[in-house]
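Hello,

Here is the structure I promised to pass on. Please open it first, then read my notes below.

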Amino acid sequence: MANKAKAKRRSWRSSRRPLWQSALLYAIVVFWCFIVLFPFYWLGTTSVKRPIDVSRGPKYIPYRDFQPIPDHWDEMFGSQRESTERHFRNSLISAIGSTILSVIIGAMAGYGLSRFRYFWGRLGWDNDNIAFWIISQRFLPPAIFIVPFLLLYNFFGLVDTYPGLILAYTMFNIPFAVWIMRDFFDGLPVDLEESARVDGATRWQAFMRIVLPLSAPGLVAVAIFSFIFAWNEYLFALMLTNYQAITMPVLIAGQNNTRGIEWWFISALTLMAVVPVIIMGLLLERFITRGLTAGAVKG
Amino acid sequence: MNTVREDRIMKRVFLSPAVIILLALSIFPLLWSLGISFTDMQRGGSTIARQAAAEGIESGVGFLGLGFELTGRNYQRLLGDTRLHSTVRNTMIYVFFGVCIQYSIGLGLATVLNQPFRGRNIVRVIFLMPMMMTPVAAAYTGRMFFDSNPLRSPLAHFFRELSKALQLENNISIPWFTDLGWAPVAILIIDAWQWIPFMTLILLAGMQAIPEDIYEAARVDGANVAQIFARITLPILLPISLTVILIRGLEIFKIIDVIVVTTGGGPGSATESLTLYIFEQALSNGNYGYASAIAYVLLVLVIIFATIFLATGRRLGGLRTD
């Protein structure tokens with residue numbers, strides 16, 4: 001890969017870097033790692049502190065400043081288990097459902113915009129206009145959808161259901177999915193599909209058997225983005241759910257008024273909510289970068 | 001099957017699902033809420049309809065907002081609504097300062113990460129972590145840190161120890177969420193903590209796409225580090241910078257979750273954003289018509305912001321708009 005070669009050249013150059021520059025570099029890196037990691041550390045320790053250690057603190061180091069207790073995690077998986085599981089499951093189902101839909105629909109539309117020529121006569125729009133229209137939908141303020149969605153969802157009985165959340169998140173994710181996938185397919189040579197079609201494959205077969213397997217990195221990038229968006233979304237989850245389908249962010253935000261603020265419990269919940277995203281992010285970090293570069297570097 | 005005919009069908013098949021969903025769930029609600037903004041629709045009907053019902057007159061109140069009396073009253077009301085004006089101002093502050101802070105720090109960190117050093121890969125992953133937290137959770141975390149009680153918050157504790165060490169007469173104690181001036185700052189910091197990684201990630205990708213030869217040539221010509229940064233890196237990064245600023249700016253226009261969790265819009269309405277105000281008008285007060293009118297104010301602001309940006313980008317020759 002070109003990147004590797006470049007990295008090699010740069011690491012050779014680094015041996016000529018003056019000492020003060022290296023020191024400054026590491027100072028910034030360490031400082032920013034602290035800024036990023038300390039809140040996570042604080043959440044972790046708070047989740048195992050006794051309430052008294054939270055309010056009569058601040059206690060920093062477990063076993064020295066305070067005695068860690070597993071009570072809050074026990075509570076989350078014990079007496080609160082039903083609630084924790086339900087909200088976690090709701091988040092998971094709506095995020096995965098909308099991710100699958102966004103990836104499929106996004107890949108199809110991206111492929112269409114990359115391989116065919118469209119012309120919407122009445123509007124005078126060609127492929128570029130259509131693509132711009134699609135991506136522009138991503139940037140509409142969600143506030144504008146509040147009232148119509150309330151009315152629509154009430155009318156169709158979609159309030160507090162999985163299909164309702166999945167549909168809303170798919171709508172929000174499609175523009176980005178189409179955008180990334182179109183750029184991705186633009187960079188994919190057409191020869192392979194064409195030779196498959198000469199051999200008698202239909203367009204659909206060529207798409208399913210040849211194009212999609214080759215676009216794994218793009219599809220993964222789209223999937224990660226869609227998943228993270230749906231997993232973390234708050235406004236629509238709050239608006240469109242009452243009880244059955246409430247997701248993790250709404251559960252966490254709601255801790256404010258149910259039993260007073262129990263920081264230790266919120267910390268445990270927060271860490272729970274972060275786990276799936278971190279796992280995805282860590283496993284697929286290189287895909288994120290590559291997928292983003294596909295969409296963004298062209299600018 | 002004839003491949004030309006097949007393609008003519010298939011090209012519709014590929015694009016239709018996306019277009020249909022966007023038409024049904026984006027364009028239709030958009031137009032509908034424009035319609036609603038000209039009515040006095042409220043939760044459970046309109047005031048006019050209820051009056052009519054009370055007087056026993058048949059009125060044609062329909063599901064789609066048909067039959068509501070058309071009125072420009074919502075838009076008149078906008079002009080005199082001081083709470084709205086302060087939310088507009090707050091939103092602009094969040095967007096402007098948010099983008100400035102996040103872009104400059106993001107650029108700095110991207111520059112750092114673009115240098116070779118030991119452990120760079122793991123550091124890159126660490127830098128991305130805030131982005132993975134639910135904004136609601138980030139906001140709670142922020143609340144723990146910006147608590148002004150040094151017994152609870154490590155930050156307040158740090159400030160107290162710092163003032164002791166410096167032997168200041170008054171302890172440094174910042175009333176983060178209760179002070180009119182500091183509350184927006186706290187929200188800006190929380191949002192920045194979470195989204196600087198996004199800036200860093202994309203700017204870094206942009207920097208890594210710059211070919212090394214350009215730098216070599218500049219170095220041969222005797223340019224120093226600052227000159228190289230100002231004359232080569234920044235101009236090449238201009239298009240991607242504009243894109244990333246545009247994306248973040250538009251995202252900050254939507255800010256609501258951090259505010260709900262930290263201040264709930266207060267003190268007064270000092271931290272309330274437009275989205276939060278619209279949400280409250282629609283869900284707490286049930287003023288569907290007025291909420292839609294405010295939402296259109298937000299939409300107009302967003303369009304103005306995006307248009308100015310796209311125009312600037314095109315003038316500078318950078319931004320790809322297709």
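A definition first: a helix axis here is a line fitted to C-alpha atoms over the stretch in contact, and angles run from 0 to 180 degrees between N-to-C directions. Keep in mind that this is a predicted model.

**Chain B: a helix pair**

With that definition, take helix H4 (residues 82-113) and helix H10 (residues 225-253) of chain B. They pack at an angle of about 145°. Their axes are 9 Å apart. The crossing of H4(B) and H10(B) is right-handed.

Which residues of H4(B) and H10(B) meet? On the H4(B) side they are B:Thr91, B:Tyr94, B:Val95, B:Gly98, B:Val99, B:Gln102 and B:Tyr103. On the H10(B) side they are B:Ile245, B:Arg248, B:Gly249, B:Ile252 and B:Phe253. By class, the contact of H4(B) with H10(B) has seven nonpolar, four polar and one charged residues.

**Chain B as a whole**

Chain B holds 13 helices and two strands. It has 322 residues, and 41% of them are buried. Among contacts in chain B with a separation of 6 or more, 69% join residues 24 or more positions apart.

How many residues of domain 1 of chain A are in contact with domain 2 of chain A? Seven, and they touch six residues of domain 2.

Helix H2 (19-46) and helix H3 (51-55) of chain A each give at least two residues to the side of domain 1 that touches domain 2. H2(A) supplies the largest share of that side, with three residues. The classes on this side of domain 1 are three nonpolar, three polar and one charged.

**Chain A: confidence**

The mean pLDDT of chain A is 83. In this chain, 87% of the residues score at least 70. Where in chain A is confidence lowest, and where is it highest? Helix H1 (residues 2-14) of chain A is lowest, at a mean of 50. Helix H5 (residues 81-115) of chain A is highest, at 92.

Residues 295-299 of chain A also call for a look. Their pLDDT is below 50. Beyond near neighbours in sequence, this stretch still has 19 contacts in the model. Where pLDDT is low, predicted coordinates should not be read in detail.

Best wishes

Key
Residues are numbered from 1 along each chain as its sequence is written. Chains are lettered from A and ligands numbered from 1 in the order in which they are written. This is a predicted model: local features need pLDDT of at least 70, side-chain atom pairs count only at pLDDT 80 or more; totals for chains, interfaces and linings use all residues. Two residues are in contact if their C-beta atoms, placed from the backbone, lie within 7 Å. Helices (H or I, at least four residues) and strands (E, at least two) are DSSP runs, numbered from the N terminus. Ala, Val, Leu, Ile, Met, Phe, Trp, Tyr, Cys and Pro count as nonpolar, Asp, Glu, Lys and Arg as charged, and the others, Gly among them, as polar. pLDDT is the predictor's confidence in each residue, from 0 to 100. A residue is buried if 20 or more other C-beta atoms lie within 10 Å of its own, exposed if 12 or fewer, and partly exposed in between; C-beta atoms are placed from the backbone. A crossing is left-handed if the near helix is turned anticlockwise from the far one by less than a right angle, and right-handed if clockwise.
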